[in-house]
Amino acid sequence: MNAGKYIKNIFVGIYRLCQGMYITMLNFCRPKITEQYPENRGKKIYGERFRGLLTMPHDSENHHKCIACGICMNNCPNGTIKVITRMEKDETTGRDRKVLDRYIYNLGSCIFCGLCTRSCPQQAIEWSNNFEHSVFDPGKLIKQLNREGSSLAPKKTE
Amino acid sequence: MWSFSQLTDWIDRSLHSVMGDGWALTVEFILIGVAILVAYAVLALFLIYAERKICAFFQCRIGPNRVGKWGIFQSVADMIKILLKELIRIDNSDKFLFRAAAFFVIIGSICTFGAIPFAKGLHAIDFNVGVFYLTAVSSLGVVGILLAGWSSNSKYTMIGAMRSGAQLISYEISAGLSLMTIVILSGTMQLSEIVEQQGQAWFIFKGGLPAVIAFITYLIAGHAETNRGPFDQPEAESELTAGYHTEYSGIQFGFFYLAEYLNAFIIAAIATTMFLGGWQPLHIPGWEGFNRIMDYIPSVIWFFGKTCFCIFLAFWVRWSFPRLRIDQLLSFEWKILMPICLINLILMSVYVIL
Amino acid sequence: MTETTDKTIQAPEYAETERVDGRTVFTVPAERLHDAARYLRDVAGCDFLIDIVGMDWGDSLGAFYHMSPTDRPAEVITLKTATTDRETPHLESVCDVWEVAQTYEREVHDFFGIVFTGNPDMRRLFLRESWQGYPLRKDYDADPALNPLHKESEPLSDMDVVPYFTLEDGRLVGHMRQMYEEDEYIVNFGPQHPAMHGVLHLRVSLDGEVIRSVDPNLGYIHRGIEKMCESYAYPQILHLTERLDYLSGNINRHAFCLCCEKALQIEAPQRAVYVRTIMDELTRIASHLLGWGSMCMDMGSITAFVYGMRDREKVMDIFEDTAGGRLMTSYYTIGGLASDIHPDFCRKVKEFIPYMRKMLREHHMLFTGNPIAAGRMKKTGRLTLDDAISLGATGPSGRASGWSNDIRKIAPYAAYDKVDFEVPMRTGGDTFDRYMVRLDEIEQSLRIIEQLIDNIPEGPYAEKMRPIIKLPEGEYFQRVENARGQFGVHISSRGDKTPYRVKFRSPCLPLVGALKHITPGSKVADLIMIGGSLDYVIPCMDR
């Protein structure tokens, strides 16, 4: 190796190393990006469409919109949803009809693909942003989404 | 400037007044030993915390922030955890050497630690061949690393140990040569004498360009000797998982961990002693008022301040650069660093003669 | 893509020729397979074997060999062959024609039990040697009692004995050879190892610090996705595509959507096309940032990794806003998008572009110029152009060797024909070139996004689809440019609501073959770095 190139290489190397150290020092002085989790709980740190947990919204009179058609159940790739129905007499028509008994959702096997909410013809289920799912007992991951005593919302008369 | 020798003399006198010479000496030895061990542990805990915090800041993170305010008790909590952990027995390992290795590493660094002049009058071992002693004892660690790698009966540790052997022995040459330039400048190997001589101007200023070069080469070589930063070949976690201490657990791993940080401290402390004036305050010839103000700052703060600066430099380098490959590492030493050191040695000799 | 014609390729006389789905398909008898492969490689110039798709047609077993000539890269030529022998099915290996075939043939052997005579390594690729049955055969018995779950640790002895087969007088003869000599120093890298990006197991034979050979042992994260696809409806398969190469999940999903749309002969609305293109490029940026960061970390620079992750987080936030997911976005559907873009989408993307440019400059200053990094990367792990083509190393890894193989340019899909961008190319083929190509691609992706973000057309975001999607009978093959190379989807449909067979062309599987090819002779520290520069994702190759 010729001596000039050797010495030049050393100086170029030192300059480049200093450049790298300048970048790290720049970041040393920059504001930090760490999110501090339990403290920032109130703040909205996730997007509003974030798929956290499947929920079934109920209105103030404990009505939901699920007509127990089972499309979500058939669409789910993992068999996460079980729609259990019962027959009930309709007060207005007097005929028997299928209503939702229990809407069982197994959070443990859910992959949050969103096929259920997208395919639901009634928009009866939707995603909430809740992401704090950890429990000690895996049995608790199997959730019933419809509330006790809830019923299908009556059709709005127009 | 207040000297710690007043305190140590007082302890010495009071011990002699209550017991015989032999006993007094024994008690003093024990006291010094305990003091060094305590300082060793506390410093290591502090350094681990500092490293984690500084590293986090370089990486745009906050770092430990849960145990105590700003996480200052994080390393204490880690220490407790590491003490509680099980010591895993490795099948087919050489049990005796496996255990002994951790002690070799830690003894090497404690012995070096004792020889450092921390402040005015705070100096446990002061040989007339102090520099010689430092380089000799600090290289004891490599024995521990080689033993650890060999006795664990694992391929990762074996490769790590062999790398470290090659690396430490090579870089010791540069470290030694860099220290030698200062020995030429000062004409002595006694650490206390070297520090005394820097009362008016630190060697890095007094020695001109050769001293600056020696300072940088010493920092690089010393950094390599501590197996840190871009030179962490022996424990290159991306290929060797943890290198020579892969198989260690609990407090045995803790020993390696402590020794690593203390070695970083020791390298910084030696650099401070040899180049940055040790515990001597910053004096600028001619600025009498300034010099007097500087004298009011206690010597121990001067020492630790300068050492922390050197350690910060080491952390900065460590968290900026990628790791060298083993052949790059060795060619850097033998083709670049050592020639520079040798030329620098001649430069310094010329400088001193002139 | 459909208008490309290949009049130049003269069919051999023993082959039946047909045009399917814009491809030329040559059907050859099993005994002329090797001749046909040789002919197509040497005379017709098809030097890039895209994929081998094993098939079980019920009465016969066989394979599709998708290939492409590198001088007419938009063309896809398919070689189809079948054997009616279901007991000891065997075909002649083409691994002397295309090197990458060695891995693909092992895969076909693993899933269909077809033995390739002349392939020197006929171990199973993903499943254990003791696995009963061949899972992708239609008569496979999935009884768990046949293949019980092992809970105790087992020695890896079955990886040491390599079976291979030869044909002697028309009879299949099995042979065994030992993988390693008695005193070789073999170090296991993975499946649990800090620098293996996932659960890849490399068995490395070392000579001191120097590597003698590398034997990748795959299948630790094999989930049987192709088998699962056969029982899923098309919209359900979409979420599996994201779980292949999770770092370019959007692009994989895009490939499957495009393939289904092509089969259904529908087109997604322009708005969806534009948004898909933008999302794809954002995915590419995110993937390259992570690839850059993890490669830096493989070389010991952990800080760079954190910087890469920090910048990637911005992209993830954009995804989360619009799609509701960060890594698994579940955003594209067959016929469009799952939802319209978020009102903040354009603003956030526009903020991201200058930020990323600035950070890219910093990344270059921090790492590219660093003499340690450059010294390690330059001249190591050199992949020559011929090897890259023969090994099928597509994507940035192939482009660093000077092989122009970007599907976005050669057979534009989505909105890539409407934008002006360059394909970063280098010719050295070493680790540094692969590294640089990735960073340059980030810049080009930003350019693409910049041109599209202001021009997203108004209109519907999805085509109205029937609830149950049935693909018309046929074979469909679609390639897209994923962050790692050419990702291909082969769907074989019989008109049901579930596909008959789905094959994903993983860009990562050939990259491991390339790793095996280029690492011998370099240092053990380089193995990790070269692996990082090839930037493979394990779930993508294991499927």
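Two strands pair if DSSP finds at least two bridges between them. Strands here are DSSP runs of E with at least two residues, while helices are runs of H or I with at least four, and both are numbered from the N terminus. This is a predicted model: local features need pLDDT of at least 70, side-chain atom pairs count only at pLDDT 80 or more, and totals for chains, interfaces and linings use all residues. Residues are numbered from 1 along each chain as its sequence is written, and chains are lettered from A and ligands numbered from 1 in the order in which they are written.

**Sheet in chain A**

- Three strands of chain A make an open, antiparallel sheet, ordered β3-β4-β6.
- Its edge strands are β3 (81-89) and β6 (142-144), and each pairs on one side only.
- Neighbouring strands are turned by 30 degrees against each other on average, direction ignored. Such angles run from 0 to 180 degrees between N-to-C directions, with axes fitted to C-alpha atoms, for helices over the stretch in contact.
- β3(A) and β4 (residues 96-106) of chain A run antiparallel, joined by nine bridges.
- Val83(A) faces Tyr103(A), which stands opposite in β4(A).

**Sheet in chain C**

- Chain C has an open sheet of three strands in the order β15-β16-β17, with antiparallel pairing.
- β15 (474-482) and β17 (501-505) of chain C each have a single partner strand, so one side of each lacks a neighbour in the sheet.
- Neighbouring strands here are turned by 10 degrees on average, direction ignored.
- Nine bridges link β15(C) to the antiparallel β16 (residues 485-493) of chain C.
- Asn482(C) has Gly485(C) in β16(C) as its bridge partner.

**Helix across the chain C sheet**

- Helix α5 (residues 249-264) of chain C lies across β15 and β16 of chain C.
- α5 runs at about 150 degrees to β15(C).
- Contact means that C-beta atoms, placed from the backbone, lie within 7 Å.

Methods:
Two residues are in contact if their C-beta atoms, placed from the backbone, lie within 7 Å.
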